[in-house]
Amino acid sequence: MPTAVDPIAPTQLGPVTLRNRVIKAATSEGRSPKGLVTDDLIAFHCAFADGGVGMTTVAYCCVSSEGASAPGQIVMSTRALPGLQKLAESVHQGGAAISAQLGHAGIVAPKKLTKATAVAPSRFVNPTSFAYCREITRPEIAAVIEQFAQAAQIAVDAGFDAVELHFGHLYLPSSFLSPLINRRKDEYGGSIDNRSRLVREIAERVRDTVGNQIAVIAKLNMSDGVRGGIPMEESLQTAKWLEEDGALDALELTAGSSLVNPMYLFRGDAPVKEFAANFKPPLSWGIRMTGHKFFREYPYEEAYLLKAARQFRAELTMPLILLGGITNRETMDLAMAEGFEFVAMGRALLAEPDLLNRIQADRNVKSGCTHCNLCMPTIYSQTHCVVTGMPY
């Protein structure tokens, strides 16, 4: 077992020095109604910076307007640049680094929001919304790769320290990895080396664009919890190729599907009624009646993705970020002892943005997060903890 390191000590992430190994995980904020940074979004991230994290992740940053997954998300563009610069400066004043999660929602993108038919590797019907998704063309694939690169350049110009490439949760890049969704007959479909082509090309193009100016992270599904979906052994092979390509500074390991099985990532209570309240009939009725099939419940436990993540740690040498059930110092120490270089915290910090400061002052401090997951439905307005009611 590797020698354990101090999760609170300064460390290096690619070209960036972080004051500790704790990253505020991406939690789609819903605070950018016109695709631009707002004072509310700045206050949201400054709370985590002031609370002691090494880096906070701005989410979800769309590489194009067609790639949005929910209302109120930033669209990475020159129009957004002044606000992004102000956001980065404000977070830096709090002592933290800042990362932009870059993504294209693909089949998860709602047409009512984007005004465009969603794209997928192959023709597909979204089983949640029953919306038709058309097959993305090869020229459009090339355009999406370039959109990721342009979005990364915006992050550099804004003074961000890192970008996180969203290759998880069956969003567009992740859906190419899925044998269930990707039935293409060209060089982007079929074998796992073909299905991995898009994520590898995105990572390489982004690295070519940003060089060593900022860190480049990818968020990759270990498995999606969907029958016929991404198997663990194929995801591990994709991770090995990403490591060999050398375009990434770290890999954040995730799981689950925003399309079919979101609770596979979150664990804990499934807020079906609260999700239904965000929609109008008849969709809200359908969610209430059948929602527990979609929001399948899995029991919560600390470090619940660790068992799966160990398989990646055993076969990869690149820095890995452990996500899922990191709420206290004991679990952080466990992650370090298992050989993970970073931990990512989401819900616990939504509940208590200053949690890390308090853990640093007293290692026995425990998170007040109850894993009720009532924060999940708030992505449609302004993501927050409804229990503590943090104003950020």
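Axes here are lines fitted to C-alpha atoms, for helices over the stretch in contact, and the angles between them run from 0 to 180 degrees between N-to-C directions. In this predicted model, helix 7 (residues 197-210) and helix 8 (residues 232-245) pack at an angle of about 25°, and their axes lie 10 Å apart.

**Helix 7 and helix 8**
- Because angles under 35 degrees count as roughly parallel, helix 7 and helix 8 are described as roughly parallel to each other.
- The crossing of helix 7 and helix 8 is right-handed, and the contact is made by Val199, Arg200, Ala203 and Glu204 on the helix 7 side and by Thr238, Trp241, Leu242 and Asp245 on the helix 8 side.
- The residues of this contact between helix 7 and helix 8 comprise 4 nonpolar, 1 polar and 3 charged.

**Nonpolar cores**
- The largest nonpolar core has 131 residues, of which Met76, Leu102, Phe160, Leu165 and Leu251 touch the most other members, and helix 4 (residues 138-157) supplies the largest share of this core, with 9 residues.
- Met76, leaving aside its neighbours within four places in sequence, is in contact with Cys61, Cys62, Leu84, Ala100, Leu102, Ala151, Ile154 and Ala155.
- A second, separate core consists of 8 residues, among them Val272, Ala276, Phe295 and Met376.

**Ser69**
- Ser69 lies in the loop between strand 4 (55-62) and strand 5 (74-75), and Ser69 is buried, with a relative accessible area of 14%.
- Leaving aside neighbours within four places in sequence, Ser69 is in contact with Tyr60, Ala105, Val108, Pro110, Leu113 and Tyr171.
- Ser69 and Leu113 are separated by 44 residues in sequence and by 8.3 Å in space, C-alpha to C-alpha.

Terms used. Residues numbered from 1 in each chain as written. Predicted model: local features only at pLDDT ≥ 70, side-chain atom pairs only at ≥ 80, totals over all residues. Heavy atoms only, no water. Helix = DSSP H or I, 4+ residues; strand = E, 2+ residues; numbered from the N terminus. Parallel < 35°, antiparallel > 145°, perpendicular 65-115°, else oblique. Left-handed = near helix turned anticlockwise from the far one by under 90°. Contact = heavy atoms within 4.5 Å. Nonpolar A, V, L, I, M, F, W, Y, C, P; charged D, E, K, R; others polar. Core = buried A, V, L, I, M, F, W, Y, C linked by side-chain atoms within 4.5 Å. Buried < 20%, exposed > 50% of the residue type's maximum accessible area, 1.4 Å probe, protein only.
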